[in-house]
Amino acid sequence: NLLSMAHIQSPNARWWPTGSKQATFFVDDLHLPQQDAYDAQPVVELLRHVLEYGKWFDFDQCTERTIQNCSFIAAMPPSRTWVTQSRFRRHCACLHVDNPTPEGLHYVYEALAVSILRTFDSDVQRLAAPLAHATVKILLDLSSVLMPTAQSPHYFLTQHDLGKVFKGIQAHPELCTSVLAVAHLWLFNCHTTFMGRISNEDDSIMCQRIISRAADTVYETMNIRDTALAKASFLCIKQ
């Protein structure tokens with residue numbers, strides 16, 4: 001909120017940080033403001049007006065609100081919903097950071113899983129690579145079908161969600177008593193991390209299918225003696 005963070009320094013409606021300070025406003029999710037009937041984004045247009053003129057007009061007070069010593073930083077993911085107004089884009093110095101490749105994600109989170117499971121027995125340690133690859137597969141599959149929109153901005157999945165899954169395993173070492181127990185804990189964390197984003201039944205069913213397919217690949221790599229009991233237990237956790 002620009003007005004609440006700024007400070008009135010003089011009676012002529014000039015707004016700026018106190019003293020010689022500079023204020024920086026961070027505008028997140030710049031791609032999400034909805035377009036009106038004229039394909040304009042009023043929120044973006046207000047920000048453009050401030051950037052161009054350094055002020056806006058207050059209809060309640062019938063005076064101009066001048067903003068000084070303030071800069072703006074905005075962020076958004078690469079998307080087709082990028083701000084289309086060229087009048088706004090001309091005020092921006094755009095920086096683009098590429099998303100990591102699937103191979104890079106596998107390498108990073110396999111190393112993380114190895115670090116988390118290094119204190120357990122060798123059978124559990126061998127789960128590091130399958131768990132990392134299955135979790136990355138879940139993220140990539142969900143990201144391809146769950147796109148953030150103005151109605152569902154929380155459908156934006158990043159590699160930080162991968163970290164939450166493995167942090168959940170790291171937070172409960174007392175539950176990592178066997179290969180099957182670690183797989184159960186991993187599957188539980190996948191559900192709490194990814195299913196918590198879902199806001200309708202159709203997306204929920206699709207998300208469950210994607211997680212179940214990944215869980216099947218993990219189960220195939222598990223070297224368990226009592227296969228029938230393990231499979232029944234794993235299916236129960238999946239359901």
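This is a predicted model: local features need pLDDT of at least 70, side-chain atom pairs count only at pLDDT 80 or more; totals for chains, interfaces and linings use all residues.
Helices α7 and α8 are oblique to each other, a class for angles that are not under 35 degrees (roughly parallel), over 145 (roughly antiparallel) or 65 to 115 (roughly perpendicular). Their axes come within 9 Å and cross at roughly 140°. Axes here are lines fitted to C-alpha atoms, for helices over the stretch in contact, and angles run from 0 to 180 degrees between N-to-C directions.

Residues are numbered from 1 along each chain as its sequence is written, and side-chain values use heavy atoms, with hydrogens and water left out.

**Overall make-up**

The protein chain has 10 helices and six strands. Helices (H or I, at least four residues) and strands (E, at least two) are DSSP runs, numbered from the N terminus. Of the 239 residues in the protein chain, 38% are buried. Buried means under 20% relative accessible area, exposed over 50%, and partly exposed in between, with a 1.4 Å probe and protein chains only. Contact means heavy atoms within 4.5 Å. Among contacts between residues at least 6 apart in sequence, 64% join residues at least 24 apart.

**Helix packing**

| Helix pair | Axis distance | Angle |
|---|---|---|
| α7 and α8 | within 9 Å | roughly 140° |
| α8 and α9 | 11 Å | about 160° |
| α4 and α7 | within 10 Å | roughly 15° |

Take α7 and α8 first. On the α7 side, the contact is made by D161, L162, K164, V165, G168 and I169. On the α8 side, L185, W186, N189, C190, T193 and F194 make the contact. These residues divide into seven nonpolar, three polar and two charged. Ala, Val, Leu, Ile, Met, Phe, Trp, Tyr, Cys and Pro count as nonpolar, Asp, Glu, Lys and Arg as charged, and the others, Gly among them, as polar.

Next come α8 and α9. Helix α8 spans residues 179-194 and helix α9 residues 201-221, and the two pack at an angle of about 160° with their axes 11 Å apart. That makes α8 roughly antiparallel to α9. Their crossing is right-handed. From α8, the contact uses W186, L187, C190, H191 and F194. From α9, C207, I211, A214, A215 and V218 take part. By class, this contact has nine nonpolar, one polar and no charged residues.

The crossing is right-handed. In α4, L105, Y109, L112, A113, I116 and L117 meet residues of α7. Their partners are Q159, H160, L162, G163, F166, I169 and Q170. This contact of α4 with α7 has nine nonpolar, four polar and no charged residues.

**Aromatic pairs**

The structure holds two aromatic pairs. Rings of Phe, Tyr and Trp (its six-membered ring) pair if their centres lie within 6.5 Å; planes under 30 degrees apart count as stacked, over 60 as edge-to-face and the rest as tilted.

F25 and F72 form a stacked pair, at 5.5 Å centre to centre with 25° between the planes. The pair links distant parts of the chain: F25 is in strand β3 (residues 23-27), F72 is in strand β6 (residues 70-74), and they are 47 residues apart. F25 counts as buried at 9% relative accessibility. F72, at 25%, counts as partly exposed.

Y109 and F166 form a stacked pair too, at 6.2 Å centre to centre with 20° between the planes. Y109 lies in helix α4 (residues 102-117) and F166 in helix α7 (residues 159-170), so the pair ties together parts that are 57 residues apart in sequence. Both Y109 and F166 are buried.

**Two single sites**

H106 sits in helix α4. Its C-alpha atom is separated by 5.8 Å from that of H133, 27 residues apart along the chain. Leaving aside neighbours within four places in sequence, H106 is in contact with H133 and V136.

N69 lies in the loop between β5 (63-67) and β6. Its phi is near 55°, a positive value in a residue other than glycine. Most residues other than glycine have a negative phi. N69 counts as partly exposed, at 34% relative accessibility.

Terms used:
A crossing is left-handed if the near helix is turned anticlockwise from the far one by less than a right angle, and right-handed if clockwise.
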